[in-house]
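Hi everyone, thanks for coming. Have a look at the structure on the screen, and I'll talk you through it.

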Amino acid sequence: MAVKIRLTRRGRKKLAMFDVVVANSTSPRDGKFIEKLGTYNPNTNPATIVLNDEKAFDWVMKGAQPSDTVRAMLSYRGILLKKHLQIGVNKGAITQEQADAKFEEWKNQQDSKVTGKVESLAKKKEDERKSRLAAETKVSQARAEAIRKKAEVAAAPEASEEAAVEETAVAEETPAAEVAETAPVVEETPVVEEAPVAEAPAAEEAPKAEAPAEEAPKADAPEAEEKKEE
């Protein structure tokens with residue numbers, strides 16, 4: 001009977017978690033199993049894998065066949081590499097010390113990769129939080145500025161009305177004499193006397209042509225009369 005290393009589902013809807021178990025290939029997915037090796041939670045980033053490496057390695061060496069997902073998990077944890085090295089040791093290709101040294105070197109590199117990924121994700125999350133905070137602060141400042149301007153606009157008519165009332169009250173309380181004293185002295189503008197317009201001399205009337213004086217009776221008038229009498 002074939003033995004498989006596979007997942008069994010548990011948890012609520014859309015938040016499923018899985019157990020890594022060793023079970024017969026004929027058993028249903030969530031049915032009876034032989035041994036539980038660990039858990040797998042895909043809801044985190046990176047996914048959380050809790051696995052008993054020694055038991056998983058022992059079952060792999062016995063010939064248990066992992067499912068596709070479990071194979072990826074075993075490769076991620078280095079169990080398949082450890083199996084490959086152990087087969088080389090069993091064949092005499094390398095010594096156990098060499099196999100252990102190679103596995104430790106690979107494990108250190110893998111741990112550094114995982115740590116770098118975790119740190120990059122944490123940094124990204126922190127940057128997103130800061131950007132959201134900055135955006136919220138900007139929105140809050142803009143909202144506060146809008147409220148302040150609105151309050152100033154609302155307070156402006158009230159201030160003008162109060163100023164007008166105060167001016168009216170002061171004008172009523174101030175005596176006329178004080179008003180006259182405090183009134184600014186307006187300098188009288190000197191009246192410029194108009195220069196007398198020089199009347200243009202009347203055009204001298206042209207001397208009328210004197211009527212021709214009656215001619216004085218000529219001296220020979222008696223002679224003419226005498227001639228007439230004749």
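Predicted model: local features only at pLDDT ≥ 70, side-chain atom pairs only at ≥ 80, totals over all residues.

K82 lies over the face of F57, with 5.0 Å to the ring centre. And K82 turns up again: its charged end sits over the ring of F103 too, 5.6 Å from the centre of that ring.

Let's stay with F103 for a moment. How many aromatic pairs are there? The count is two. In one of them, the rings of F103 and W106 have centres 6.3 Å apart and planes at 25°, so this pair is stacked. If you're wondering about those two numbers, a pair of aromatic rings is described by the distance of the centres and the angle of the planes.

Are they buried or exposed? F103 has a relative accessible area of 13%, so F103 is buried. W106 comes out at 23%, so W106 counts as partly exposed.

Now let's zoom out. The chain has six helices and five strands, and along the sequence they go β-β-β-β-α-β-α-α-α-α-α. There are 230 residues in the chain, and 17% of them count as buried.

The five strands make an open sheet with mixed pairing, in the order β4-β3-β2-β1-β5. At the edges you'll find β4 (48–51) and β5 (65–66); each has a single partner strand, so one side of each has no neighbour in the sheet. Further in, β1 (residues 3–12) and β2 (residues 15–24) pair antiparallel over 10 bridges. To pick out one spot, R9 has F18 in β2 as its bridge partner.

And what packs on the sheet? Helix α1, residues 53–62, does, touching β1, β2, β3 and β4, and its direction makes about 120° with that of β3. Helix α2, residues 68–77, lies across β1, β2, β3, β4 and β5, and runs at about 80° to β4.

Note on methods:
Residues numbered from 1 in each chain as written. Heavy atoms only, no water. Helix = DSSP H or I, 4+ residues; strand = E, 2+ residues; numbered from the N terminus. Buried < 20%, exposed > 50% of the residue type's maximum accessible area, 1.4 Å probe, protein only. Pairing = 2+ DSSP bridges. Contact = heavy atoms within 4.5 Å. Axes fitted to C-alpha atoms, helices over the stretch in contact; angles between N-to-C directions. Phe/Tyr/Trp six-rings, centres within 6.5 Å; stacked < 30°, edge-to-face > 60°. Lys NZ or Arg CZ within 6 Å of the ring centre and 35° of its normal.
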